[in-house]
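Have the structure open while you read.

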Amino acid sequence: MNNTVWRCVAGLALAGSATLACADFPEKPVTLVVPFAAGGPSDKIARDLAEALRKPLGQTVIIENAAGAGGTIGSAKVARATPDGYTLLVHHIGMATAPALYRKLGYKVPEDFEPLGLINEAPSVLIGKPTLAANSFAELRQWIASNGGKVNLANAGLGSASHLCGLMFQSALKTNMTPVPYKGTAPAMTDLIGGQVDLMCEQATNAVPQIEGKKVKVYGITSLQRLPLPALKDTATLSESGLKDFNVQVWHGLYAPRGTPPEVLAKLNAALRTALKDAELIKREEALGLTVVADDRLDPAGHKKFLIAEKARWSKVIQDAGEYAD
Ligand code: MLT
């Protein structure tokens with residue numbers, strides 16, 4: 001047990017009150033573990049959040065990328081970290097999908113984590129390499145139909161948002177494509193731009209600058225609403241384009257390891273609430289199509305309830321699709 005945890009535990013036991021315990025937290029930099037490669041959407045969100053958390057926490061907030069296995073390596077790392085509030089996880093919908101996708105997962109959801117609050121909701125888009133002949137979703141469908149299993153689909157590993165969206169896309173088209181996993185969508189984007197892979201679902205956060213720069217082609221929005229972004233003003237949802245009710249909406253949350261003292265959790269949640277009211281952060285997120293969460297999912301109990309509901313929803317979809325990994 002490290003010093004901070006010991007002091008918190010001793011404080012709780014001696015004073016019988018969580019108010020006195022962990023009063024000095026945080027006394028050193030806090031680390032946000034990002035379970036994907038640097039330069040991708042999760043990394044960007046975590047870096048923006050780190051900046052906004054700096055003031056309310058009164059400490060430096062550091063990013064550590066622990067990429068691989070669709071986000072499960074970084075998640076396992078945080079589940080096993082000392083529960084003192086200094087090692088936190090920024091993760092997306094993969095928290096809810098990995099338990100159904102992996103037969104052997106090194107952690108339990110939600111049991112091994114303390115949800116601290118949802119950060120945002122993040123729409124995704126279906127994008128293609130710049131040399132694809134298809135210039136509309138209808139043309140893309142035809143191209144996929146005539147190329148079948150030769151079409152490849154980049155993702156950030158099994159359990160990532162891009163993987164989940166790709167699964168749903170193949171199932172909606174009733175076709176199989178070849179998945180190409182990366183450690184994050186940042187390296188996958190480099191290959192998509194270079195034409196080494198054909199298609200990818202990507203969060204608007206990272207896709208919009210590439211669409212604006214005409215480095216990739218965009219074929220549809222993966223959630224149910226169109227996006228009020230100049231780069232996507234003419235882009236329909238996949239549901240509107242014929243894949244009825246196609247809806248993959250990504251979200252991101254902040255987590256501490258199970259057993260983190262309540263006083264520390266309360267401080268972290270208060271800091272998250274303050275950070276998400278930061279005008280600069282809201283402006284940056286909205287410019288990329290993200291919606292900062294301001295409802296009861298910003299509360300640890302509301303976040304946990306939402307996580308459990310998402311896990312149940314996606315478990316069924318994933319089981320029905322017969323997808324899993326060892
Ligand atoms: C995903 O597809 O899950 C994310 O885009 C991963 C990432 O942030 O790189």
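## Two cis prolines

Pro110 sits in the loop between helix 4 (94–101) and strand 4 (113–122); helices here are DSSP runs of H or I with at least four residues, strands are runs of E with at least two, and both are numbered from the N terminus. The peptide bond leading from Val109 into Pro110 is cis, with omega near 5°. There is another cis bond from Phe25 to Pro26, where omega is near -5°. Pro26 belongs to the loop between helix 1 (3–15) and strand 1 (30–34).

Before going on, a word on the ground rules: this is a predicted model, in which local features need pLDDT of at least 70 and side-chain atom pairs count only at pLDDT 80 or more, while totals for chains, interfaces and linings use all residues. Residues are numbered from 1 along each chain as its sequence is written, and side-chain values use heavy atoms, with hydrogens and water left out.

## Positive phi

Most residues other than glycine have a negative phi, and most peptide bonds are trans. Against that background, have a look at Ala69, a non-glycine residue with a positive phi near 50°. Ala69 is in the loop between strand 2 (61–65) and helix 3 (72–79). With 37% relative accessibility, Ala69 counts as partly exposed; buried means under 20% relative accessible area, exposed means over 50%, and partly exposed is in between (1.4 Å probe, protein chains only).

Lys174 is also a non-glycine residue with a positive phi, near 55°. Its loop runs between helix 6 and strand 7 (178–181). Lys174 counts as exposed, at 74% relative accessibility.

## The disulfide

How many disulfides does the structure hold? There is 1, taking a disulfide as a pair of cysteine sulfur atoms within 2.5 Å. The partners are Cys165 and Cys201, whose sulfur atoms are 2.1 Å apart. The angle about the S-S bond is -60°, which makes the link of Cys165 and Cys201 left-handed. Cys165 is in helix 6 (residues 161–173) and Cys201 is in strand 8 (residues 199–203), so the pair ties together parts that are 36 residues apart in sequence.

Are these cysteines buried or exposed? Cys165 is buried at 1% relative accessibility, and Cys201 is buried too, with a relative accessible area of 4%.

## Around the ligand

Now for the ligand. The residues surrounding the ligand include Phe36, Pro41, Ala156, Ser160, Gly184 and Glu202, where being near means having a heavy atom within 4 Å of the molecule. Ser42, His92 and Thr185 are among the surrounding residues as well, and each has a polar side-chain atom paired with a ligand oxygen, as the table lists. A polar contact here is a pair of N or O atoms within 3.5 Å; within protein, one must be able to donate a hydrogen and the other to accept it, and residues adjacent in sequence count only if both atoms are side-chain atoms.

| Side chain | Distance to a ligand oxygen atom |
|---|---|
| Ser42 | 2.7 Å |
| His92 | 2.6 Å |
| Thr185 | 2.8 Å |

On its own the ligand has 270 Å² of accessible area, and the protein covers 100% of that; the areas come from the Shrake-Rupley method with a 1.4 Å probe, and for residues only the protein chains shown count as cover. Which elements give two or more residues to the shell around the ligand? They are helix 2 (41–57), helix 6 and strand 8.

## Pairs from separate stretches of chain

Thr260, in the loop between strand 10 (250–257) and helix 9, has its C-alpha 6.2 Å from that of Gly85, although the two are 175 residues apart along the chain. Thr260 is buried, at 4% relative accessibility.

Val180 lies in strand 7, and its C-alpha is 6.1 Å from that of Asn155, 25 residues away along the chain. Val180 is partly exposed, with a relative accessible area of 21%.

Arg273 is in helix 9 (residues 262–275) and is partly exposed, at 29% relative accessible area. Between the C-alpha atoms of Arg273 and Arg297 there are 11 Å, with 24 residues separating the pair along the chain.
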